[in-house]
Amino acid sequence: MEREESLRLEAYLKEKLHPGLRLVARDKAADSMEVYLGAEFLAVVYKDEDEGETSYQFMMTVLKEDIMGG
């Protein structure tokens with residue numbers, strides 16, 4: 001993703017989800033960025049371009065161990 005595009009996306013996610021979120025570029029993957037809250041990895045945001053439309057997919061995996069407390 002272009003820098004300006006990632007900054008706009010980061011601002012949107014901060015406004016909608018949490019002001020502490022930040023996006024970090026991924027090595028070898030120009031179409032996605034990692035999402036962090038502080039030092040904790042939360043998700044990956046993928047850019048999707050199809051038939052002239054651009055969208056972003058927020059993909060978050062929650063492990064059963066995380067919600068069960070161990």
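Q: In the hairpin of strand 2 and strand 3, which residue takes a positive phi?
A: Gly-38 does, with a phi near 65°, and this hairpin has 2 residues between the strands. Strands are DSSP runs of E with at least two residues, helices are runs of H or I with at least four, and both are numbered from the N terminus.

Q: Before we go on, what kind of model is this, and how are residues numbered?
A: This is a predicted model, in which local features need pLDDT of at least 70 and side-chain atom pairs count only at pLDDT 80 or more, while totals for chains, interfaces and linings use all residues. Residues are numbered from 1 along each chain as its sequence is written, and side-chain values use heavy atoms, with hydrogens and water left out.

Q: And the hairpin of strand 3 and strand 4, which residue has the positive phi there?
A: There Glu-51 takes a positive phi, near 50°, and 2 residues lie between the strands.

Q: How many strands form the sheet, and in what order?
A: The sheet is open and contains 4 strands in the order 1-2-3-4, with antiparallel pairing. Two strands count as paired if DSSP finds at least two bridges between them.

Q: Which strands stand at the edges?
A: Strand 1 (21–26) and strand 4 (53–59) do; each has a single partner strand, so one side of each lacks a neighbour in the sheet. From one strand to the next, the twist averages 30°.

Q: What packs on the sheet?
A: Helix 1 (residues 3–16) does, touching strand 1, strand 2 (29–37), strand 3 and strand 4. Contact here means heavy atoms within 4.5 Å. The direction of helix 1 makes about 150° with that of strand 1. Axes are lines fitted to C-alpha atoms, for helices over the stretch in contact, and angles run from 0 to 180 degrees between N-to-C directions.

Q: How many bridges join strand 3 to strand 4?
A: The antiparallel pair of strand 3 (residues 40–50) and strand 4 is joined by 7 bridges. Val-44 stands opposite Met-59 of strand 4, and Val-45 has Phe-58 as its bridge partner.

Q: And strand 2 to strand 3, how many there?
A: These two strands also run antiparallel, and 6 bridges join them. Ser-32, which lies in strand 2, has Tyr-46 of strand 3 as its bridge partner.

Q: Is Ser-32 buried or exposed?
A: Ser-32 is buried, because its relative accessible area is 2%. With a 1.4 Å probe and protein chains only, buried means under 20% relative accessible area, exposed means over 50%, and partly exposed lies in between.

Q: What does Ser-32 touch?
A: Not counting residues up to four places away in sequence, Ser-32 touches Met-1, Arg-26, Val-44, Val-45 and Tyr-46. The side chains of Ser-32 and Arg-26 are joined by a polar contact of 2.8 Å. Such a contact is a pair of N or O atoms within 3.5 Å; within protein, one must be able to donate a hydrogen and the other to accept it, and residues adjacent in sequence count only if both atoms are side-chain atoms.

Q: Which residue pairs with Glu-4?
A: Glu-4 pairs with Arg-8, and their closest N and O atoms are 3.1 Å apart. The two are 4 residues apart in helix 1, so about one helical turn separates them. Glu-4 is exposed, with a relative accessible area of 56%.

Q: Which residues are linked in a network of salt bridges?
A: Glu-5, Lys-47 and Glu-49 are. Glu-5 and Lys-47 meet at 3.0 Å, N to O. Glu-5 lies in helix 1 and Lys-47 in strand 3, so the pair ties together parts 42 residues apart in sequence. Lys-47 and Glu-49 meet at 3.7 Å, N to O.

Definitions and conventions. A salt bridge is a side-chain nitrogen of Lys or Arg within 4 Å of a carboxyl oxygen of Asp or Glu.
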